[in-house]
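Trainee: Could you walk me through reading the aromatic pairs and the nonpolar cores here?

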Amino acid sequence: MKTKVMTKAEQQALTPDAVIGILKKGNGEFVRGELTVRNNPEIIKDSANGQNPMAVILSCLDSRVPVEDVFHAHLGDLFVGRIAGNFVNKDFLGSMEFACFAAGAKLIMVLGHNHCGAVVHAIDNTELGNITEMLKKIQPAAKEIKAVFDGEKATNNVAFVDAVAIENVILNVRKIREESPLLAEMEKEGKIKIIGGYYHLENGKVDFFEDI
């Protein structure tokens, strides 16, 4: 059982590929139900002195995607940001830059999931309060998939909704590089990697998209 938070030396020794391996291993343990006790009093006390997370995860708001559990991560291992539809904006870009440049994280993952309500409403062009503007950030993915999808282009078609949700992950990974020269340069230098992930609600498995 882990009883210490990650140290700066341990964080700095990790490569982006090593972090991907840790997340894959943790997700496998989550899928198999092999979670151990975490965030015990020793870790909580130890973490008060500082943090050295290995990755930053941009996840959907969905309550069925418990990010730290999904990767069997402990307190202090991950920066986690949430927004319905897991899309990037200036505030999240700033947070990612802080996580990687200032705090030493080695990996950025945009984590989408199937049966995403935000994606469904983006496809249906729902208009309601501030939700309208939020959904506009997801609708480019719907537009891209509608142009190439071979099948019924409606929210009652699970395959279509999945395709849009995956495209939304891909577009936001690319958007990070396009709108953050700092992170793009760090990735080019091999200091970090920016990847996508896709969580399956039925079994807890994450697909890793490492070559976007």
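Mentor: Let's start with burial: buried means under 20% relative accessible area, exposed over 50%, and partly exposed in between, with a 1.4 Å probe and protein chains only. F98 is partly exposed, at a relative accessible area of 48%, and F79 counts as buried at 15%. This is a predicted model, where local features need pLDDT of at least 70, side-chain atom pairs count only at pLDDT 80 or more, and totals for chains, interfaces and linings use all residues. Residues are numbered from 1 along each chain as its sequence is written, and side-chain values use heavy atoms, leaving out hydrogens and water.

Trainee: How many aromatic pairs are there?

Mentor: Rings of Phe, Tyr and Trp (its six-membered ring) pair if their centres lie within 6.5 Å; planes under 30 degrees apart are stacked, over 60 edge-to-face, and the rest tilted. That rule gives three aromatic pairs. One of them is F71 with F208, edge-to-face at 6.3 Å centre to centre and 70° between the planes. Both F71 and F208 are buried. F79 and F98 also pair edge-to-face, with 6.4 Å between centres and 70° between planes.

Trainee: And which residues have the most contacts inside the largest nonpolar core?

Mentor: A nonpolar core is a set of buried Ala, Val, Leu, Ile, Met, Phe, Trp, Tyr and Cys residues joined through side-chain atoms within 4.5 Å. The largest one has 40 residues, and those with the most contacts inside it are C100, I108, V119, V164, I176 and L183. A second, separate core of 22 residues includes V19, A55, V67 and Y199.
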